[in-house]
Amino acid sequence: MESIIVLWANVRAEWVKLRSVRSTLWALAITMAITVGLSALFCSTRVARWDRMGRGAQLIFEPIGFSLNGIFLSQLAIGVLGVLVMTSEYGTGQIRATFAATPTRGTVLLAKMKVFFLASLVVGEISSFAAFFLGQAILSSKSSASLTDPGALRAVLGGGLYLAGIGIFGLGLGVILRRTAGAIAVLVASVMILPQLVELLPSPWNDDISKYLPSPAGQTLFHITSTRPSLSTGVGLFVFLAYPLGACLIGWVLLRTRDA
Amino acid sequence: MIETTELTKRYGDKLAVDHLTMSIPSGQVTGFLGPNGAGKSTTMRMILDLDSPTSGSAKVNGRRYRDIRFPLHEVGSLLEAKSVHPARTARGHLQWLADSNRIPRKRVDEVLELVGLSAVAKKRAGGFSLGMGQRLGIAAAMLGDPQTLLLDEPVNGLDPEGIVWVRSFLRSLAAEGRTVLVSSHLMSEMALTADHLIVIGAGRLISQGSVADVVAGSSSSHVLVRTPEVSRLMSVLTAEGAEVSTDVDHALRIRKVSIERIGQLAADNAVVLHELSPQAASLEQAFMELTHDSGEYQTELKPPPPPSTTSAGGPN
Ligand SMILES: Nc1ncnc2c1ncn2[C@@H]1O[C@H](COP(=O)(O)OP(=O)(O)O)[C@@H](O)[C@H]1O
Ligand SMILES: [Mg+2]
């Protein structure tokens with residue numbers, strides 16, 4: 001009971017922190033702009049090239065996941081914001097004020113996760129829905145989907161959840177590493193570079209390992225079909241969420257004993 | 001009441017705080033003195049549970065700091081390093097702090113008023129001068145109207161106006177009967193504001209007590225006697241266990257025997273005295289003498305000249 005009261009007080013505090021810095025709002029706006037803007041760009045290019053695509057490619061074209069592909073870039077904006085939620089406190093020394101006000105550090109971390117997860121989920125879902133509707137509108141003359149199609153709603157919701165998950169992953173890395181540059185490097189490496197490197201391994205190792213990495217596992221949330229061997233959506237969700245939660249868990253263990 | 005027991009902090013092979021046991025009395029301003037690198041900031045961070053001790057413990061009002069549910073109501077702190085996000089406004093900073101400890105929002109405006117920052121409440125803290133930043137830090141410390149305050153070098157780097165302001169603020173805290181631990185590497189600063197002193201050097205406790213005690217405990221404090229019968233009085237006093245040094249003009253500087261006892265011995269032995277007077281060390285002398293063996297940067301601290309030639313301790 002005691003700790004619930006402290007947690008709620010900190011949720012309020014973290015909410016104030018999040019919205020009282022202008023760069024937060026910028027990062028959230030950029031996440032939205034990239035998700036929606038890239039969707040529009042990809043979809044219009046696809047429409048322009050449609051007739052040259054060939055019959056086979058036209059048949060396997062899957063418009064739902066395709067309209068959400070902007071997420072592969074916008075995940076960086078939300079992930080970096082997640083990193084900054086933590087590392088900016090260390091960088092400015094504010095972390096000492098935070099822990100002097102709330103010495104139970106796990107509670108602070110939980111409050112940050114809660115607030116940032118909700119904020120990035122809302123932004124993620126808005127971005128995902130907007131990208132979907134705009135994308136389908138652009139694709140409508142060729143091959144498009146509606147939200148009532150099988151799997152469509154799940155994929156669109158999944159896109160928002162993916163973004164929120166990457167945001168929390170960034171936050172967890174920020175707790176572990178404390179430095180902005182280092183945490184961003186690890187974030188970019190794990191969601192963008194690692195899948196490319198694993199690709200270079202001899203088959204079947206590349207496929208076996210690749211599907212467990214955060215982005216391929218998380219991609220099962222917003223893609224309906226996949227051209228590569230991948231996990232089922234259920235297992236994918238589980239594996240994907242293990243990254244943000246695992247990072248936060250490691251961060252929590254470190255936080256408990258580390259000097260602020 | 002703040003207490004530390006055998007508090008120790010080691011950074012690698014550097015012993016920053018070395019088995020420090022001290023208690024900070026309630027309702028007083030305690031000056032926490034020591035040269036740079038003595039371990040003051042580290043001790044304060046350990047009291048606040050920001051750094052974990054290598055061994056030993058610190059308690060605030062009988063509890064570990066981390067066991068206080070909403071600590072800002074009980075303990076306010078101003079740390080040495082800035083702990084404010086520069087992109088946030090003064091009010092924004094105080095607002096999240098207030099929320100984290102369930103302090104009513106109206107208190108934010110009260111403390112801004114208290115430290116004279118109301119006019120810049122909506123300005124970003126990043127643009128604040130050192131003095132304004134320090135005021136914001138003090139506003140944050142006062143947010144929960146705490147009975148206990150920990151202030152780490154609050155006047156460091158301030159301009160004269162800021163120094164005067166902090167001093168009068170400290171005095172007002174004392175007048176309100178709050179428990180204040182304020183660190184400084186300047187004895188003179190503490191003499192103006194502190195009731196009680198704790199002196200540390202190289203992480204170890206050197207002296208604690210009232211300002212008068214600490215000064216009296218200094219070997220620069222002694223009794224000056226002038227007499228035409230120097231050698232006779234000297235033998236009487238050394239027999240009594242006194243530490244005596246001779247000076248020009250038939251003067252003796254005497255330590256380890258009280259002034260009353262010296263007067264009595266002189267009368268008993270019919271020694272004529274021309275002067276019998278207590279010589280208090282200055283605060284700075286006492287401090288330098290206490291810490292000159294322990295400072296990290298010893299060159300900054302000149303030990304007082306040897307007592308036999310000193311003219312120190314004259315009326316001051
Ligand atoms: N985080 C740290 N890592 C390594 N050494 C430290 C750290 N903090 C303080 N020290 C060292 O511990 C000693 C005490 O420092 P500090 O507590 O800041 O002294 P003071 O506040 O009295 O000037 C110094 O030698 C300092 O260099
Ligand atoms: Mg210091």
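Is A:Leu200 buried or exposed, and what is its relative accessible area?

**View 1. A:Leu200 and a nonpolar surface patch of chain A.** In this predicted model, where local features need pLDDT of at least 70, side-chain atom pairs count only at pLDDT 80 or more and totals for chains, interfaces and linings use all residues, A:Leu200 is exposed, with a relative accessible area of 69% (exposed means over 50%, buried under 20% and partly exposed in between, with a 1.4 Å probe and protein chains only). Residues are numbered from 1 along each chain as its sequence is written, chains are lettered from A in the order in which they are written, and side-chain values use heavy atoms, without hydrogens and water. A:Leu200 lies in the loop between α9 (180–199) and α10 (205–210) of chain A, helices being DSSP runs of H or I with at least four residues, numbered from the N terminus.

**View 2. The two domains of chain B.** An automatic or database domain assignment divides chain B into domain 1 (2–210) and domain 2 (222–290). Their contact (heavy atoms within 4.5 Å) takes 10 residues from domain 1 of chain B and 4 residues from domain 2 of chain B.

**View 3. The area buried between the domains of chain B.** About 640 Å² is buried between domain 1 and domain 2 of chain B, and carbon and sulfur atoms give 82% of this area, which is the accessible area (1.4 Å probe) that two parts lose on being put together, summed over both. On the side of domain 1 of chain B, B:Met187, B:Val199 and B:Ile206 lose the most area to domain 2 of chain B, together 60% of what that side buries.

Conventions. Patches are made of residues with over 30% relative accessible area and no salt bridge: like charges are joined within 9 Å, nonpolar side chains (Val, Leu, Ile, Met, Phe, Trp, Tyr) within 5 Å. Accessible areas come from the Shrake-Rupley method with a 1.4 Å probe; for residues, only the protein chains shown count as cover. A salt bridge is a side-chain nitrogen of Lys or Arg within 4 Å of a carboxyl oxygen of Asp or Glu. Helices (H or I, at least four residues) and strands (E, at least two) are DSSP runs, numbered from the N terminus.
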